[in-house]
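Dear colleague,

Please find the structure below for your records. A summary of the findings follows it.

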Amino acid sequence: MAVGSQHADGAARDFETVFRRDCPTREILDHLTGRWGLLVLAALRPGPLRFYELRDRIDGISEKMLSQTLRVLDRDGLVERTVEPAKPPKVSYELTELGAAGAAHLCALIEWIGDSAPEITAAQRRFDGTR
């Protein structure tokens, strides 16, 4: 059975191509669902943040990784970088309309994980106990 969903117009959407190595959506999927991409998009969902605010909000992310992640998400059209002319320049990041739509779905995943964490960790303990 093919993996799929429905378009807004009711037409079926086939996701079989995502399983192929040459599917261009795989790169985007990696950007969105990697640990840092997911957390950056979720952190920006409430509104724009400066670089240091993002760094402080996402515990454990290095400045280098945050910079790389923001660059990738900017390139993908999900995050917009704004430089305010000042000395030193003030740089902030916010979700684009496309990024906000993606972040809404990803935040639903984060909520599901949070709600399911006790059940998942219990399953992990049961599994680990049998090894």
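This is a predicted model: local features need pLDDT of at least 70, side-chain atom pairs count only at pLDDT 80 or more; totals for chains, interfaces and linings use all residues.

Residues are numbered from 1 along each chain as its sequence is written, and side-chain values use heavy atoms, with hydrogens and water left out.

Helices (H or I, at least four residues) and strands (E, at least two) are DSSP runs, numbered from the N terminus. Three strands form an open, antiparallel sheet in the order β3-β5-β4; two strands pair if DSSP finds at least two bridges between them. Because β3 (49-50) and β4 (79-84) stand at the edges with a single partner strand each, one side of each has no neighbour in the sheet. Six antiparallel bridges link β4 and β5 (residues 90-95), and Val83 stands opposite Val91 in β5.

The axis of helix α2 (residues 35-44) comes within 9 Å of that of helix α5 (residues 97-129), and the two cross at roughly 110 degrees. Axes are lines fitted to C-alpha atoms, for helices over the stretch in contact, and angles run from 0 to 180 degrees between N-to-C directions. α2 is therefore roughly perpendicular to α5 (65 to 115 degrees). Leu38, Leu41 and Ala42 of α2 make the contact (heavy atoms within 4.5 Å) with Ala103, Leu106, Cys107 and Ile110 of α5.

α2 also lies across β3, β4 and β5, at about 95 degrees to β5. Helix α4 (residues 63-75) lies across β4 and β5, at about 110 degrees to β4.

Yours sincerely

Terms used: Angles under 35 degrees count as roughly parallel, over 145 as roughly antiparallel, 65 to 115 as roughly perpendicular and the rest as oblique.
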